[in-house]
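Thanks, everyone. Please bring up the sequence and the model, and we'll start at the ligand.

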Amino acid sequence: MSNPSETLVHVLTPAGRGAIALLRLSGPRALELVGACFRPRRASASLRNAPTGRLLYGDWTDDGEGVDDVLVCRIDEAGFEVEVSCHGGPVVVQRVVASLKRRGAVVSAAVGTWPVWPAFTAIERRSLDRLPDAKTERAVRFLLAQRSVLPRALEDALRRIRDDGAAIEAIRPLLAQTDAARRLLEGQSVVLAGPANAGKSTLFNALVGREAALTSPHPGTTLDWVEAEIEVAGFPVTLVDTAGFFDAPTALDAEGVRRAEERMRAADLVLLVIDGADPQRHSRLDDLWIRLGGAPVEVALNKCDVWSAVAPVETDARLARAARISATTGAGLDRLIASLSRRLGAAEFDETAPTVFDPTPAERLRELEAAPVEALLDEVRRRFL
Ligand SMILES: Nc1nc2c(ncn2[C@@H]2O[C@H](COP(=O)(O)OP(=O)(O)O)[C@@H](O)[C@H]2O)c(=O)[nH]1
Ligand SMILES: [Mg+2]
């Protein structure tokens, strides 16, 4: 907890090079400290009399020496919250911070957190706290929508619990998308695996949209795994290409396969790529399944451009729903992506449906579903409102 008599200065933008840096002062002396260094360019302008939300342009000086030209904005009436935008880059920022520190501001040590957003409810604060880490536009839309839809839904839930004691019915819909929301905000991994030469690296490149991994007709081209960030229906995904499985591996191949299996075990989903034209694939299927070790799996039968004319009838149940694709021509990739998006929870996800997205409150609410109504009411009030 910070000391309420202190005035803190937070650098809200990341350290390093940048066009603009944003600093926020919070505390009883915020207006005074900024006022001591800031000179508005327009003689008639004054920070002390400026309305909240008005940007003032001027010079930042430190004991009469010019440091930078800046924009200053008073956030609240009381002058407890003031923002300063200076030019980015470590040296300018350090000089502005140093001038405030010398006058008594305390530099916030909070790194990677944004504890001073102008947020008014706990939910708003949580959603804004997570915004800088959102990896996709869909994640941003979700977080911004939750600021208004979640408080309303929680108020409704509280009313239902109070009026008819319907605790489970009131809370459960708010938790229905919690796991999917975690995947939207934190991302998940899809690991490409399968026999050597099945076309994993070619498919990896097609999904990533560039030649990120080497491909070749020679089995054993991929040894180390290679990864890239992609989006599947707006959900962030780390796609991992791995070494293929061999029937008779060399020591180096075996090490590549060991690394592949390590990544597979940690995967949210394994995309098993099989050469659909390979007549031996059925005999090796059991072996492949053992290697997957129970990981969730989606199968792609690749190279349909060369075998589609004589497409084999898949009798093995494990292949019955496999996507038929060609990594080189792109045939079937749309359908493959659509089934990946279902498997990853992206297809059904509704970013405007009220969803408790923080894991800790979500766990507490799940535990409390069957608890006495009063306990549940307390928890919802305490954590969200
Ligand atoms: N005809 C055809 N060849 C493909 C397809 N996908 C990959 N290949 C070829 O199969 C060979 C092995 O591909 P690669 O991606 O390196 O396989 P990996 O060992 O599974 O990574 C290369 O010569 C590719 O050009 C496909 O869909 N159709
Ligand atoms: Mg490869």
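Two helices, α7 (200-208) and α10 (304-307), each supply at least two residues of the shell around ligand 1. Helices here are DSSP runs of H or I, at least four residues, and strands are E runs of at least two, numbered from the N terminus. α7 gives the most to that shell, with three residues. Of the 20 residues around ligand 1, G199, K200, S201, T202 and T215 come nearest. Near means a C-beta atom, placed from the backbone, within 6 Å.

A word on the source. This is a predicted model: local features need pLDDT of at least 70, side-chain atom pairs count only at pLDDT 80 or more, and totals for chains, interfaces and linings use all residues. Residues are numbered from 1 along each chain as its sequence is written, while chains are lettered from A and ligands numbered from 1 in the order in which they are written.

Back to α7. Buried means 20 or more other C-beta atoms, placed from the backbone, within 10 Å of the residue's own. Those buried in α7 are K200, S201, T202, L203, F204, N205 and L207. They pack against β8 (188-193), β9 (226-232), β10 (235-241), β11 (269-275) and β12 (297-302). Contact means C-beta atoms, placed from the backbone, within 7 Å. After α7 comes G209, with a positive phi near 90°.

Methods:
Buried ≥ 20, exposed ≤ 12 C-beta atoms within 10 Å, placed from the backbone. Contact = placed C-beta atoms within 7 Å.
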